[in-house]
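This briefing covers a ligand site and some backbone geometry. Please read it alongside the sequence and the coordinates.

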Amino acid sequence: MTKAQPTVVFENQTVYLLDQTLLPLERVMITIPDAPTMWEAIKVLRVRGAPAIGVAAAFGLWLGVKNLPEDTTRSAFLEKLIETRDYLATSRPTAVNLFWALDRMMQRLQASNFLSASDLKNAVLAQALAIKASEEQTSNLIGEHGVPLLAGVSSILTHCNAGSLATTGIGTALAPIYAAAARGQIIHVYADETRPLLQGARLTAWELQQAGLPVTVITDNMAATVMRDKNIGAVIVGCDRVAANGDFANKIGTYGVAILAKEHEIAFYVAAPFSTIDFATPDGLSIEIEQRHADEVSSFGLRRTAPEGVNVFNPAFDVTPAKYVTAFITDRGVIRAPYFENLKAANAKPLE
Ligand code: MRU
């Protein structure tokens, strides 16, 4: 069975992150002592990928209150919790999992009747650990639900990294690949390099290599050729937020990949925890898209590749209309169009 990468680790009352900005050259676990350090880690993508960001933010909330004096009253404790929640929520705007995790923590704490600071701290930590554990379970379910869709498929194409490094489990888009491998079906993954931050080349390629699975890195502009010439049986991507109508945001470039898949009559699957579906967002146009620093585009690593002062457009994500999605692969099962109705129905169905 594929081992999940240790993206967010809690040991001896300490939070650690695998610093993904250093991969694939160095595999370094960094200590996160406080909420500002967690905010920075999310902002600069030391931890990234929607589910992992949610887990990291949950631990960030605990870091924000863990040193409050023991005589802190419940109301002062909750006030600090809200302040830390609001602060962490400013780190990255697009992945709804960040807000989902923070809101779930706040709701559970506000509904509790703990009075002492130590009981409240323990409850915050227990919630963060529960969110981490549930993301592991969610990844496994996505993997199980995705495997039947890949029957007879020998190669897939993916964009960005929606693997183990993006979750605290075996991933979302890559979960069916790992689950299929566990059953003896080895699927070759073509990984778009994913400019500008190269999550595909640096992270997807690295984690698949670590797992001993076949992977080929391509530049983003090779996707059409690969779809035509390399027997791609499906495209699977992750996502950062699904609107109520099935439009979804994912790493910039996903929209183009979806259009290419349609042109080549290749199934286009979106794998996501159900918590990534944001019923409060009616459609893709309402999703806030993170804009990032110009340097990410005007340089390649430390080397400048565009003239000083040139205009740069650098959205971190794009929105793909629901009409391009063959199905969503979620922990609640495979959901097909019509998405507005079927996502709502899956949400209403009691969990087994
Ligand atoms: O900017 P990133 O690296 O956080 O973007 C990640 C993605 O776009 C992933 O595809 C998405 O978060 C899904 S991760 C399971």
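Predicted model: local features only at pLDDT ≥ 70, side-chain atom pairs only at ≥ 80, totals over all residues.

Residues are numbered from 1 along each chain as its sequence is written, and side-chain values use heavy atoms, with hydrogens and water left out.

**Ligand shell**
- The ligand has 18 residues around it, and those that come nearest are Arg-48, Ala-50, Arg-92, Asn-250 and Lys-251 (a residue is near if one of its heavy atoms lies within 4 Å).
- By class, the shell holds 8 nonpolar, 6 polar and 4 charged residues (Ala, Val, Leu, Ile, Met, Phe, Trp, Tyr, Cys and Pro are nonpolar, Asp, Glu, Lys and Arg charged, and the others, Gly among them, polar).
- At least two shell residues each come from α2 (50–65) and β9 (248–251) (helices are DSSP runs of H or I with at least four residues, strands are runs of E with at least two, both numbered from the N terminus).
- Because domain 1 (8–140) and domain 2 (143–348) both give residues to the shell, the ligand lies between them (domain bounds come from an automatic or database assignment).

**Polar contacts and cover**
- A polar side-chain atom of Arg-48 is 2.8 Å from a ligand oxygen atom (a polar contact is a pair of N or O atoms within 3.5 Å).
- Gly-49 places a polar backbone atom 3.0 Å from an oxygen atom of the ligand.
- For Asp-240, a side-chain N or O atom lies 2.9 Å from an oxygen atom of the ligand.
- On its own the ligand has 410 Å² of accessible area, of which the protein covers 100% (Shrake-Rupley method, 1.4 Å probe).

**Backbone geometry**
- Most residues other than glycine have a negative phi, and most peptide bonds are trans.
- The peptide bond from Arg-195 to Pro-196 is cis, with omega near 5 degrees, and Pro-196 is in the loop between β5 (188–192) and α7 (199–210).
- Ala-337 and Pro-338 are also joined by a cis peptide bond, with omega about 5 degrees; Pro-338 is in the loop between β16 (333–335) and α11 (339–348).
- Cys-160 is not a glycine, yet has a positive phi of about 65 degrees; Cys-160 lies in the loop between β4 (155–158) and α6 (175–182).

Conventions
Polar contact = N/O pair within 3.5 Å; in protein donor to acceptor, adjacent residues only side chain to side chain.
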